[in-house]
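Biologist: Hi! Could you walk me through this structure, one piece at a time?
Modeller: Happy to, here it comes.

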Amino acid sequence: MIVNLAERAHNHNWRLDPITRSLLDTDFYKLLMLQFIWKHFPAVEVAFTLVNRSSQVQLADTIVLEELRMQLDNVRKLRFGKSELIWLAGNTFYGKRGIFEPAFLEWLERDFELPDYELSIEDGEISLTFRGLWTQTTLWEVYALSILSELKTRGSLREMSEFSLDILYARAKANLWSKIERMRGVPGLRVADFGTRRRHSFLWQEYVVKAMRDTLGVSFTGSSNTYLAYKHDLEAIGTNAHELPMALAAMATDDTELKASQYRVLELWQNTYQRELLIMLPDTFGTTQFLADAPDWVADWTGQRMDSKNPYVAGDEYMQWLRDRGRDPEKKLIIASDGLDVEQILGLHAHFCGEILGDWSPVDFRTAADFMDPQKWNPKRRIRFSSGWGTLLTNDFRGCDPNDGGGFDPISLVCKLTEANGRPAVKLSDNYAKAMGPATEVERYRRVFGTAGVTNVPAIV
């Protein structure tokens, strides 16, 4: 059944409508990481803190604090359902059944409970922090972000007439179709939904995912949203995130251990998971330094996710690094996932999955016809490539508001690990604009890890 989004937004009592209805409504990698944390770090205490990188937008102007509190309290009451746990236990993920251990699933059913939160308004901005055992706290990240994002949406919807809502969603659907249409028929294309944390709403994400599934066929590889994968029989997509190396680095006792912690994470991860789940995320403290000093066994991993670095540069750097270590890039996988839209997805696919002929460049590949032109592109895979399409898939309402408001524009909102066992956590990234942590610690980390390959570009999402 197709949901009339405009009618629902106009008539429904948003105040009473839970945003998160299942604990599976989170990114799949959070569950994989939760099992990893449960297995290796069950006693570590952490803190996660909300950070709004779009300083021009103050969420407290749109979101009612009591409505936020109501939504957070609702999530705290949720528990994993028996059918959900049976699905996690028996489903095949990345070609392997039983990826979640029975003891872990028993713990989820018996002992898992989200801790309380600290919520206030400070200097006109929402302040939100979660503290507790790492095993209990880590899942708050995605729930909090998706709740805040949808409450921002609801705040803007509340002021619109039914007719304006019709126009808003008609334009958003047309915008979505114009993007999908450009991808249809592109040979070898692989794209997944990565848009949970900053989505317009749960209903819109579900609508988008079903549209991608129904129109792109095998080119749509699945969703990072575990609940949507469960509900619609899709592949659940995800591996790991910056949180793990940030925590191990924070717990390091000296600079030598700090430098080595980024590889210690990989050792523990490969002792827990295998094959397609061996995807490294090397940009936490800078990709260039990570690759330069990595042990040789790291080159045996399946691939890497490119996040904060220019993906063209990051992918070429990784392929050369593999060649220098005697590995064949064609057998490896790279995943781009930072602020992508259809132009970047098609351009990156042209660059990594074929030979661009003549004087054409990746930006010239705009439709399936460009990939069919024998004078323009020869399908000749250099490396396996996939895209994780996030915010600009599930929350691109730019220019859709008939009242010319900017209230539906997505913002760069994150909820990051800020402490581990009482010590501050730091993320440097390949982009100076995305560095996080106390200034003195950021300075120390840059001294230890260096700044090779780091650039400064605006953080869009």
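Biologist: Let's start with β9 and β10: in which sense do they pair?
Modeller: Strand β9 (residues 303–306) pairs with β10 in the parallel sense, over four bridges. Strands here are DSSP runs of E with at least two residues, helices are runs of H or I with at least four, and both are numbered from the N terminus. Two strands pair if DSSP finds at least two bridges between them.

Biologist: Before we go on, what kind of model is this?
Modeller: It is a predicted model, where local features need pLDDT of at least 70 and side-chain atom pairs count only at pLDDT 80 or more, while totals for chains, interfaces and linings use all residues. Residues are numbered from 1 along each chain as its sequence is written, and side-chain values use heavy atoms, leaving out hydrogens and water.

Biologist: Back to β10. Which residue stands opposite L333?
Modeller: That's G303. On another pairing, β10 runs parallel to strand β13 (residues 384–389), joined by four bridges, and there A336 stands opposite S387.

Biologist: And which way do the residues of β10 point?
Modeller: L333 and I335 point one way, I334 and A336 the other, and all are buried. Buried means under 20% relative accessible area, exposed over 50%, and partly exposed in between (1.4 Å probe, protein chains only).

Biologist: Why do side chains alternate like that?
Modeller: In a regular strand, side chains alternate between the two faces of the sheet.

Biologist: New topic! What volume does the largest pocket have?
Modeller: About 760 Å³. Its lining has 39 residues, and Y29, F194, R305, I335 and S337 lie nearest the centre. A pocket is an open set of points on a 1 Å grid over the protein atoms alone, where a 1.4 Å probe fits, with protein on both sides within 12 Å along at least five of seven lines; lining residues have an atom within 4 Å of a point. The volume is the space filled by probe spheres set on the points, which are joined across faces, edges and corners.

Biologist: Now H349: buried or exposed?
Modeller: H349 is buried, because its relative accessible area is 0%. H349 is found in helix α15 (residues 342–352). Setting aside residues up to four places away in sequence, H349 touches several residues, including V186, F371 and W377. Contact means heavy atoms within 4.5 Å.

Biologist: And how does N378 count?
Modeller: N378 counts as partly exposed, because its relative accessibility is 32%. N378 lies in strand β12 (residues 377–378).
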